[in-house]
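Dear colleague,

Please find below the structure that I promised to hand over, together with its sequence.

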Amino acid sequence: MKGLGTDEDSLIEIICSRTNQKLQEINRVYKEMYKTDLEKDIISDTSGDFRKLMIALAKGQRAEDGYVIDYELTDQGARDLCDAGMKRRGTNVPKWMSIMTEQSVCHLQKVLERYKSYSPYDMLESIKKEVRGGLENAFLNRVQYIQNKPLYFADRLYDSMKGKGTRDKVLIRILTSHSEVDMLKIRSEFKKKYGKSLYYYIQQDTKGDYQKALLYLCGRDD
């Protein structure tokens, strides 16, 4: 967020895809490094409902995943999402926010599955029809992450390398933070969706010692 403008895509990716523990650690380190709260900088660099969603998620205070899923609650959550969007004129954005920011990922996965029973569209399609701009982008990222975490990061990696030039910061951030966590799953989703391996794409898009470092983080070719 420093300097002119905010790298909105990176802000969304980081805030929408980190665990409570990671977000709390980010808040702590951010304050140590920049002598100000992350929330204050989000407030100064964003606006409207997008700002409210980023602040709510950045707190890292949503419910933790549990071993027992309450299917009555997930069904009610699906109904609430539908009632707040497709079943009314104008979207009840605060209701969408409360559901997406307060419940656990495991709970929300079931909510999104049930949502299809009450809406003619899936949640991603509903978001595209109901909201625009940064808020749309943030909701889409949040839902994609909830539905399939490895595929979410596979898509971000692909986006960082497609077209002219490479978004190096995105590529480096995801590879370094996932190389020892779930890279095998990300690689599997990447090849399944894009037809060639992540390793191949890195080879085609980078060179030299930088390429060697990224390939090491990626692991072997699939």
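Predicted model: local features only at pLDDT ≥ 70, side-chain atom pairs only at ≥ 80, totals over all residues.

I begin with helix H11 (residues 168-178) and helix H14 (residues 208-218), whose axes come within 9 Å and cross at roughly 35°, the crossing being left-handed. On the H11 side the contact is made by Asp168, Leu171, Ile172, Leu175 and Thr176, which meet Tyr210, Leu214, Leu217 and Cys218 of H14.

Ser17 sits in the loop between helix H1 (8-16) and helix H2 (20-34), and it counts as buried because its relative accessibility is 4%, where the cut-off for buried is under 20%. A polar atom of the Ser17 side chain lies 2.4 Å from the backbone oxygen of Glu13, and the side chain of Ser17 also makes a polar contact with that of Arg18, at 2.7 Å. Apart from neighbours within four places in sequence, Ser17 is in contact with Tyr145, Tyr152 and Phe153.

In helix H4 (residues 48-58), the buried residues are Phe50, Leu53, Met54, Ile55, Leu57 and Ala58, and what covers them includes H1, H2, helix H3 (38-45), helix H6 (93-102) and helix H9 (133-147). After H4 comes Gly60, which has a positive phi, near 65°.

Turning to charged pairs, the count comes to 18 salt bridges, among them the following. Arg28 and Glu25 meet through their side chains at 2.5 Å, N to O; they are 3 residues apart in helix H2 and therefore separated by about one helical turn. Arg28 is partly exposed, at 40% relative accessible area, and Glu25 is likewise partly exposed, at 38%.

The salt bridge between Arg187 and Asp222, with the closest N and O atoms 2.9 Å apart, links distant parts of the chain, since Arg187 belongs to helix H12 (residues 183-194) and Asp222 to the segment after H14, 35 residues apart. Arg187 is buried, with a relative accessible area of 5%, whereas Asp222 is partly exposed, at 32%.

Within helix H14, Asp209 and Lys212 are 3 residues apart, about one turn of the helix, and form a salt bridge whose closest N and O atoms are 3.9 Å apart. Asp209 is exposed at 62% relative accessibility, as is Lys212 at 57%. Finally, salt bridges with shared partners join Glu13, Arg18 and Arg173 into one network.

Technical notes:
Residues numbered from 1 in each chain as written. Heavy atoms only, no water. Axes fitted to C-alpha atoms, helices over the stretch in contact; angles between N-to-C directions. Helix = DSSP H or I, 4+ residues; strand = E, 2+ residues; numbered from the N terminus. Left-handed = near helix turned anticlockwise from the far one by under 90°. Contact = heavy atoms within 4.5 Å. Buried < 20%, exposed > 50% of the residue type's maximum accessible area, 1.4 Å probe, protein only. Polar contact = N/O pair within 3.5 Å; in protein donor to acceptor, adjacent residues only side chain to side chain. Salt bridge = Lys/Arg side-chain N within 4 Å of Asp/Glu carboxyl O.
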